Amino acid sequence: MTTRWLDEQERAAWLRLAAVMELLPAALDAQLRRDAGVSHFDYFVLAMLSEAPERTLRMTALAQRTSASLPRLSHVVNKLEGRGLVERFPCPEDRRATNARLTGAGCDLVLEAAPGHVETVRRLVVDALTAAQVRQLERIGDAMLSRLDPEGRVRSLLDAH
């Protein structure tokens with residue numbers, strides 16, 4: 001197999017994307033830790049629960065919505081549960097499954113943290129782009145997701161919101 005090396009433009013685009021992939025999560029994490037005392041992933045878990053019916057999801061569904069492995073999610077939910085932000089309980093429909101539910105304190109944290117998080121996303125990403133570039137970024141994301149998630153599991157969750 002012959003390697004298809006990147007040309008200069010492809011290399012420049014890739015290096016910029018790689019830099020964004022490194023810098024953006026750290027910036028989002030820093031803002032949320034400073035303002036709300038949670039990591040970006042913690043906030044994402046809480047936000048996904050806040051959008052679910054009755055603020056409750058099966059752990060497997062929450063793992064799918066956050067693109068996390070069950071062991072990683074279980075560790076994070078355990079930590080959030082220790083802080084009183086989430087509670088776990090057996091799923092009434094399937095006692096083998098476990099549900100996670102956002103508590104009142106967890107809901108309060110999401111509501112308090114959301115404005116600062118959205119402002120950070122806007123400042124670092126959305127406001128740096130024109131409206132046409134935002135639409136283009138959505139299409140670029142879709143193109144990459146079609147390769148990263150060929151079954152469309154993540155995409156279907158994104159379209160549902």
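**Exercise 1. Decide whether Ser67 is buried, partly exposed or exposed.**

Step 1. Take the cut-offs: buried means under 20% relative accessible area, exposed means over 50%, and partly exposed lies in between (1.4 Å probe, protein chains only).
Step 2. Ser67 has a relative accessible area of 52%, so Ser67 is exposed.
Step 3. Ser67 lies in the loop between helix H3 (59-66) and helix H4 (70-82). Helices (H or I, at least four residues) and strands (E, at least two) are DSSP runs, numbered from the N terminus.
Step 4. Check the backbone. Phi of Ser67 is near 55 degrees, a positive value in a residue other than glycine.

The model is predicted: local features need pLDDT of at least 70, side-chain atom pairs count only at pLDDT 80 or more, and totals for chains, interfaces and linings use all residues. Residues are numbered from 1 along each chain as its sequence is written, and side-chain values use heavy atoms, with hydrogens and water left out.

**Exercise 2. Classify Arg55 and His117 by accessibility.**

Step 1. Arg55 is found in the loop between helix H2 (40-50) and strand S1 (56-58). Its relative accessibility is 29%, so Arg55 counts as partly exposed.
Step 2. His117 is found in helix H5 (residues 104-124). Its relative accessibility is 11%, so His117 counts as buried.
Step 3. Now list contacts (heavy atoms within 4.5 Å). Leaving aside neighbours within four places in sequence, His117 is in contact with Leu28, Gln31, Leu32, His40 and Tyr43.

**Exercise 3. Work out the strand order of the sheet.**

Step 1. Two strands pair if DSSP finds at least two bridges between them.
Step 2. S1 and strand S3 (residues 98-102) pair in the antiparallel sense over three bridges. In S3, Arg101 is the bridge partner of Thr56.
Step 3. The three strands form an open sheet in the order S1-S3-S2, with antiparallel pairing. S1 and strand S2 (86-90) are the edge strands, each pairing on one side only.

**Exercise 4. Find which residues of the largest nonpolar core touch the most other members.**

Step 1. A nonpolar core is a set of buried Ala, Val, Leu, Ile, Met, Phe, Trp, Tyr and Cys residues joined through side-chain atoms within 4.5 Å.
Step 2. The largest such core has 28 residues; Val45, Leu46, Leu49, Leu62, Leu73 and Val86 touch the most other members.
Step 3. Look at one member. Leaving aside neighbours within four places in sequence, Leu62 is in contact with residues including Val45, Leu49 and Leu73.
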